[in-house]
Amino acid sequence: MNISARLAFFAIVSTLAYLGFAVWGMGSFVAFFSHSALVVVALATLVMAIAALFSEVNLSSGQREDRANRWVLPAFGVIGTVSAFLPAYTDRIDVWTFGGEGVRWLGALLFIVGGVLRLWPVFVLGKRFSGLVAIQPGHRLVTDGIYRTLRNPSYLGMLVNAVGWALAFRSGVGLLLAALTLIPLIARIHSEEALLRAQFGSEYEAYCSRSWRLIPGVY
């Protein structure tokens with residue numbers, strides 16, 4: 001099995017496991033799928049996973065990699081696994097929950113918007129989008145389109161997606177877990193910026209001076 005096939009297999013298995021943890025947290029398939037907003041979230045999760053299979057995302061270390069930043073991958077994995085189960089579980093036992101079906105639908109909307117924002121840059125960058133912090137062969141800066149004013153749109157999409165997931169379960173714990181994601185996320189952003197600055201020098205500095213890291217107008 002080649003690397004692309006292994007990544008595809010891992011994506012499918014992890015997506016099904018993610019949804020399985022959420023169903024487990026809610027107590028049963030009936031409990032989970034009794035909420036229309038959660039049905040939409042489940043379908044959106046599957047659609048996004050299938051869409052990702054058609055991208056060129058990879059785990060290539062390319063020409064140069066910041067290996068010291070690899071710790072963020074297991075960190076994301078742990079937070080993601082806990083986030084799959086715990087918000088659904090707190091929803092079921094009604095601990096640290098708020099709102100009603102309107103909050104669930106807001107969460108479903110944000111989940112979809114975040115997912116689109118997460119995947120869009122993956123297709124824009126193609127083979128340059130690696131799960132590792134690395135400079136790929138033929139790497140060049142993309143500073144137009146979705147990257148015109150925002151240097152990390154995919155990471156913003158990840159955060160919006162996480163907040164949407166938490167709200168879909170009306171979960172205060174889920175929101176805390178989404179906030180916790182900022183720790184490895186910001187560490188990864190700083191690592192990427194250092195590598196790009198070393199690679200592209202003044203060109204990257206000029207881009208940084210006219211764009212935002214993560215949230216336009218804030219950071």
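**Aromatic pairs and helix packing**

User: Is Trp24 buried or exposed here?
Analyst: Trp24 counts as exposed because its relative accessibility is 55%, where exposed means over 50%, buried under 20% and partly exposed in between (1.4 Å probe, protein chains only). This is a predicted model, in which local features need pLDDT of at least 70 and side-chain atom pairs count only at pLDDT 80 or more, while totals for chains, interfaces and linings use all residues. Residues are numbered from 1 along each chain as its sequence is written, and side-chain values use heavy atoms, with hydrogens and water left out.

User: How many aromatic pairs are there?
Analyst: The count comes to 10 aromatic pairs, taking rings of Phe, Tyr and Trp (its six-membered ring) with centres within 6.5 Å, and calling planes under 30 degrees apart stacked, over 60 edge-to-face and the rest tilted. The rings of Trp24 and Phe85 have centres 4.9 Å apart and planes at 50°, so this pair is tilted.

User: Which helices hold those two?
Analyst: Trp24 lies in helix α1 (residues 3-26) and Phe85 in helix α4, so the pair ties together parts that are 61 residues apart in sequence; helices here are DSSP runs (H or I, at least four residues), numbered from the N terminus.

User: Switching topic, what is the angle between α3 and α5?
Analyst: Helix α3 (residues 36-52) and helix α5 (residues 101-125) pack at about 5°, with axes 9 Å apart, the axes being lines fitted to C-alpha atoms over the stretch in contact and angles running from 0 to 180 degrees between N-to-C directions. That makes α3 roughly parallel to α5, the term for angles under 35 degrees.

Note on methods
Parallel < 35°, antiparallel > 145°, perpendicular 65-115°, else oblique.
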